[in-house]
Amino acid sequence: MASEESLKHGVFARREIEDRLGLPAHDPKGLVITPLLDRKRALDLDSVDVRLGTYFLLPRSLPEAYFSPDRNTATSLHVKAHVPLGQYLVVPAHQTVLGSTLEFIKLPCDASGEVLTKSSIARTFIVVETAPWIHPEYRGCLTLEIANVSNTPVLLYPGRPIGQLILLHIEREHDPNKKIGSTYFGPIYPEAPPFKNPEEDLRGLGIRQTSVIRKGTIDRDGRFKLRDDRVNRK
Amino acid sequence: MPSPQNSLIHEATSVFRLVESIDRYVAEHENLFAYTDATQDFFSDVHTGAAATKGSVAELIRKLSQTPERAELRHQRELLIHKGHWRTLHTYIKPATDAHTLNLPLPLIRMATDDLRTTPGMSEIAIVVLLTPELMFYHNMPQSHFDSERVFVEVPYSQGPSFFASLIIYHELGHYVFEKLKMDQASRAFVDLADAQEQAFAQRLGPALPSASLSSWAKGRLDAWTKEIFCDLFALRHLGPAFSFTLIDFLALIGLMEEETVSTFDQEHPAAALRFREQMTRLDKDGWWAHVSDLPSEHVELMKRLARKNESDYIFEFQNTGIPVFVEAFLSIVPSIHALVVAITPHSPAAAEDFGRRRQEIEECLLHGIVPSKLLADGTTLSPKPVSMINAAYCFYLTRLPELMKKLENQEDWNLEHRKNWVERLEAWTMKGIEDAQLLAQSADDG
């Protein structure tokens with residue numbers, strides 16, 4: 001007969017969420033959600049409400065006619081903004097901003113997570129979208145892509161509930177000797193994606209030559225001069 | 001030949017324009033960035049002041065246009081006073097607008113404000129941070145026409161976002177507190193300290209000083225040194241050993257300072273050896289030292305080494321001549337500085353105790369990349385005190401960063417870029433922990 005443990009599958013119910021929250025933070029099976037404000041209301045039958053944090057990355061108007069995902073993305077595509085609790089951020093119609101959860105979250109080793117837009121929020125044509133999946137043992141404030149798909153600007157108030165975190169069981173054991181990926185380890189603010197330059201990614205496929213757009217100027221003698229050698233990808 | 005009336009209108013326009021451009025500059029930045037409440041209040045006062053000055057200048061010229069023959073010297077003086085005030089204000093505006101919330105360790109500023117407000121008679125104090133091009137932290141004491149309930153602290157612009165380095169702010173707040181105590185003369189302990197200073201001067205220095213100017217200079221040295229030790233201990237009472245560690249880092253004492261330099265007093269500062277001896281003494285009395293004395297860190301070893309220096313090794317030179325009597329006079333004042341700091345700061349041993357109990361668990365959280373704002377103890381969750389998080393994070397920074405990096409893919413602890421990234425992340429976790437604790441306390445207060 002299967003043990004009770006092995007029968008666990010599907011979505012975490014409230015009781016299990018509470019049990020996991022009661023384990024030490026560094027226990028592999030422990031769940032951390034902090035600060036868990038208004039705990040009674042935050043915990044639902046099968047989910048936990050997450051609130052909007054105070055830091056954002058807003059899309060920048062680029063000086064170029066294109067955007068190339070590469071090593072410069074971290075500094076080229078976004079503008080940082082801080083909106084303290086009690087103030088609001090205006091998201092223009094049909095625009096997306098990056099925000100993050102107010103809560104710092106650490107998932108158990110045997111759970112994956114998903115962030116869904118709170119239904120009340122979704123009905124205002126705000127969608128927390130596109131990359132809602134969270135891997136086991138992830139830790140950090142979750143970066144949220146928040147899209148205003150309506151025809152009017154919408155105000156976002158940091159500190160208000162915006163999403164629901166759902167936890168799902170997976171069959172997996174914690175391996176204490178396995179190193180953890182460092183890319184998204186413990187972020188507190190929304191983070192720009194850490195792209196490599198395209199030729200570095202494509203080299204793995206055996207592609208030896210990659211077309212790139214080079215940024216530069218033509219001097220008085222008609223010679224091309226690179227303006228920024230960080231984009232020279234020879 | 002220009003008429004006096006025209007000259008006045010010319011000058012009034014210039015004042016009007018200066019005020020308006022400062023006012024607009026502030027408004028533009030307020031639209032772009034968020035600021036702390038204290039800075040926002042400062043800016044509101046700038047707007048109010050700008051409207052008042054512009055109104056006053058316009059009224060002066062309007063009256064003058066009705067009676068042009070009465071363009072008097074007093075009108076010119078009035079304009080000069082306005083201009084002088086706004087020239088002074090001008091120097092504060094740019095550093096204040098630079099200090100928006102993206103450039104500051106915000107939870108630390110909030111915590112420092114709360115801590116400062118526990119000082120008797122300072123419950124309404126607000127901290128306005130200024131980002132300065134200097135690589136130094138300062139307390140900026142404005143002229144009297146500024147609001148005395150506002151503390152201006154200058155932070156090097158490159159250090160603004162750095163949490164650990166910004167702990168030095170507490171030392172600068174000490175300067176404000178000292179000046180305020182001096183001004184108010186309401187604290188018994190401060191009066192006792194002033195008496196100790198007088199006595200030290202009268203018994204050890206006064207008789208040997210031939211002139212009034214030398215006496216005044218000598219008193220100035222004792223006062224400056226007193227203030228520095230006071231500020232160190234004030235910061236220490238609020239922050240615990242993390243302050244000493246950050247001061248060591250800030251003064252670049254590890255491995256860089258020569259033996260003689262650490263024992264030398266300059267005109268403004270007592271010798272580093274004495275400063276750290278007094279810090280160690282205070283930490284010991286407040287119950288902190290027992291928790292960090294065995295930390296396998298160069299910082300702790302350095303403090304022990306400095307504290308062991310003989311008083312007879314302390315040097316104060318004036319015009320290349322050693323004057324040990326100054327040092328002796330000052331050493332007799334030091335116990336009164338401790339007494340003053342203890343009298344005006346909250347009971348630190350409670351914080352030391354919390355740190356002692358929670359340190360290991362906070363460090364475990366940090367080792368696993370988890371913000372340490374909720375810990376588990378005896379089956380219930382609790383929030384450690386922010387000061388415990390700060391000290392545990394600093395201990396972790398000094399001793400366990402490589403351990404964290406070893407748990408992560410492709411991170412080498414000798415790689416400075418990697419290491420810098422993890423120091424920044426450690427600081428971010430600490431700040432988030434403090435912010436969470438502040439939020440949890442606030443929501444508990446609201447029921």
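Let me start with strand β7 of chain A, residues 111-117, which pairs with β9(A) in the antiparallel sense over two bridges. For the terms: two strands pair if DSSP finds at least two bridges between them. Strands are DSSP runs of E, at least two residues, helices are runs of H or I, at least four, and both are numbered from the N terminus.

This is a predicted model, where local features need pLDDT of at least 70 and side-chain atom pairs count only at pLDDT 80 or more, while totals for chains, interfaces and linings use all residues. Residues are numbered from 1 along each chain as its sequence is written, and chains are lettered from A and ligands numbered from 1 in the order in which they are written.

Back to the pair. In β9(A), the residue opposite A:Gly113 is A:Ile134. Both strands belong to an open sheet of four in chain A, ordered β2-β12-β7-β9, with antiparallel pairing. The edges are β2 (48-51) and β9 (133-134) of chain A; each has a single partner strand, so one side of each is left without a neighbour in the sheet.

A:Ser112 lies in β7 of chain A. The cut-offs are 20 or more other C-beta atoms within 10 Å for buried, 12 or fewer for exposed, and partly exposed in between, with C-beta atoms placed from the backbone. A:Ser112 and A:Ile134 are 22 residues apart along the chain, and their C-alpha atoms are separated by 5.7 Å. Leaving out residues up to four places away in sequence, A:Ser112 touches A:Trp133, A:Ile134, A:His135, A:Pro136, A:Leu168 and A:Ile170. Contact here means C-beta atoms, placed from the backbone, within 7 Å.

Chain A as a whole is divided into domain 1 (4-173 + 182-193) and domain 2 (199-231). Such bounds come from an automatic or database domain assignment. The centres of the two domains of chain A, taken over C-alpha atoms, are separated by 36 Å.

Next, the interface. On the chain B side 26 residues are in contact with 22 residues of chain A. Elements of chain B that each supply at least two residues to this side are α15 (349-367), β7 (375-377) and α18 (416-445). The largest share, eight residues, comes from α18(B). By class, the chain B side has 12 nonpolar, seven polar and seven charged residues. Nonpolar covers Ala, Val, Leu, Ile, Met, Phe, Trp, Tyr, Cys and Pro, charged covers Asp, Glu, Lys and Arg, and polar covers the others, Gly among them.

On to chain B itself. Chain B has 18 helices and eight strands, and its C-alpha atoms fill a box of roughly 80 × 60 × 45 Å along the principal axes. Of its 447 residues, 42% are buried. Among contacts in chain B with a separation of 6 or more, 76% are between residues 24 or more positions apart.

The domain assignment of chain B gives domain 1 (4-103), domain 2 (104-186), domain 3 (216-346) and domain 4 (349-445). For domains 3 and 4 of chain B, the centres over C-alpha atoms are separated by 28 Å, and 14 residues of domain 3 are in contact with 14 of domain 4. On the domain 3 side, α9 (241-250) and α12 (289-292) of chain B are the elements that give two or more residues. The largest share, three residues, comes from α9(B).

Last, helix α14 of chain B, residues 324-344. α14(B) has 21 residues and reaches 31 Å from first C-alpha to last, close to the 30 Å expected at 1.5 Å a residue; the expected span is 1.5 Å times one less than the number of residues. Where is the kink in α14(B)? A kink of about 30° lies at B:Ile333, shortly before the proline B:Pro335. The bend at a residue is the angle between axes fitted to the seven residues ending there and the seven starting there.

Buried residues of α14(B) include B:Phe326, B:Phe330, B:Ile333, B:Ile337 and B:Leu340. An α-helix has 3.6 residues a turn, so residues three or four places apart point the same way. Among the elements that cover the buried residues of α14(B) are β4 (264-265) and β5 (315-318) of chain B. β4(B) and β5(B) run parallel and are joined by two bridges, with B:Thr264 opposite B:Ile315.

Note on methods
Two residues are in contact if their C-beta atoms, placed from the backbone, lie within 7 Å.
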